[in-house]
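Okay, thanks for making time, everyone.

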Amino acid sequence: MTLNNHIGWLVDAGDHLKSADGSIVHLYELCHKDDDTILSSWAKHFRSHYCSDEEIDVLRNGTGLTRTEYLNNIKFPTASRGFGPGIRAGDFGEILIADYLEYRLGYWVPRTRYDRKAIKDESTKGSDLIGFKLVGEIASPEDELSIYEVKTQFSGAEPKSRLQDAVKDSIKDEIRKAESLNAIKQRLVDQKKFHDIPKIERFQNYVDNPYRDVSGAAALFSENVLDRQSICDTCIEDHPNKSALELLVIHGKDLMNLVHTLYERAANEA
């Protein structure tokens, strides 16, 4: 059992849509099941984004908390009050899209966004996620940087234009790219992953090291608020990288319940 078996539950829906501008919207269904083995593996993978199993005892020492209590009280977004549920849904969406980029599309996606949150019920600033493709040992114009913005809607009675929201936020990524790359680099230094730092450096100076620049906008919906017409109304005309903008929608049943299940398992099985 590997930590990415859950990605097998992501199924191509086969009926891809088109935006108002005629761009293809890739549509997937997350066909999750009540499978203890895969859910436990997924929960471990999920937990590792917030706190490695090697560090959890050091971090909780002095708190008087068990591992489960430490994760629930200090690390994981709150389940039922304030901004917590929305942050849970957002983090879940970002991590799932990161898994899609890494395990389906072959990107390297550093997981550096969640483990140093100062406030657990706030989202981390900067671009949602960045994936890298490196074609060889030295910098190449064929190297690829993909920056995705991710939005979710797992509750409510009325569908929202979350794909359009992701497109709108993606427009800002060119401005915050340098800061986001630097933030990843700093966390890799903290994690002593010095061998990975040159991979980031290949993308920090486009003038000297040009590369393929890909943008992505993704929206995740629970089945009851999936509205295909709203998705098709999405417009990308104002996006500065619209010729290399990928549109992705994932939907599934009771996704908020799945989110809470993963956090619960991640805490209880630590």
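Let's begin at Leu30. Setting aside neighbours within four places in sequence, Leu30 is in contact with Trp9, Leu10, Trp42, Phe92, Leu96, Ile250, His251, Gly252, Leu255 and Leu258. Keep in mind that this is a predicted model.

Leu30 is also among the residues with the most contacts inside the largest nonpolar core, alongside Trp42, Phe92, Ile97 and Ile250, and that core has 44 residues. Who supplies at least two residues each to this core? Strand 3, helix 1, helix 3, helix 4, strand 5, strand 6, strand 7 and helix 9 each do. There's a second, separate core as well, with 16 residues, including Leu17, Leu27, Val167 and Ala219.

Val167 takes us over to helix 5, residues 162-170. The buried residues there are Leu163, Ala166, Val167, Asp169 and Ser170. Looking down the axis of helix 5, those buried residues fall within an arc of 165°, so they line one face of the helix.

Lys120 sits in the loop between helix 4 and strand 4. Lys120 is buried yet has no salt bridge. Which side chain of opposite charge is nearest to Lys120, and how far away? That's Asp121, at 5.4 Å. What Lys120 does have is the backbone oxygen of Phe76, 3.4 Å from a polar atom of its side chain. Leaving out residues up to four places away in sequence, Lys120 touches Asn72, Asn73, Ile74, Lys75, Phe76, Pro77, Thr78 and Ile87.

Thr78 on that list deserves a stop. Thr78 lies in the loop between helix 3 and helix 4, and at 7% relative accessibility it counts as buried. So where does Asp121 come in? The side chains of Thr78 and Asp121 are joined by a polar contact of 2.7 Å. Beyond four places in sequence, Thr78 is in contact with Gly84, Pro85, Arg88, Lys120 and Asp121.

Now Cys51, in the loop between helix 1 and helix 2. Buried or exposed? Cys51 counts as buried, at 3% relative accessibility. Not counting residues up to four places away, Cys51 touches Ile56, Leu59, Tyr70, Leu71 and Lys75.

Last item: backbone angles. Most residues other than glycine have a negative phi. Here are two with a positive value. Lys192, in the loop between helix 6 and helix 7, has phi near 60°. Asp254, in the loop between strand 7 and helix 9, has a positive phi of about 50°. How accessible is Lys192? Lys192 is exposed, with a relative accessible area of 62%. Asp254 is exposed too, at 53%.

That's my tour, so over to you.

Key. Residues numbered from 1 in each chain as written. Predicted model: local features only at pLDDT ≥ 70, side-chain atom pairs only at ≥ 80, totals over all residues. Heavy atoms only, no water. Buried < 20%, exposed > 50% of the residue type's maximum accessible area, 1.4 Å probe, protein only. Helix = DSSP H or I, 4+ residues; strand = E, 2+ residues; numbered from the N terminus. Arc of directions from axis to C-beta. Lys, Arg positive; Asp, Glu negative; His and termini not counted. Salt bridge = Lys/Arg side-chain N within 4 Å of Asp/Glu carboxyl O. Polar contact = N/O pair within 3.5 Å; in protein donor to acceptor, adjacent residues only side chain to side chain. Contact = heavy atoms within 4.5 Å. Core = buried A, V, L, I, M, F, W, Y, C linked by side-chain atoms within 4.5 Å.
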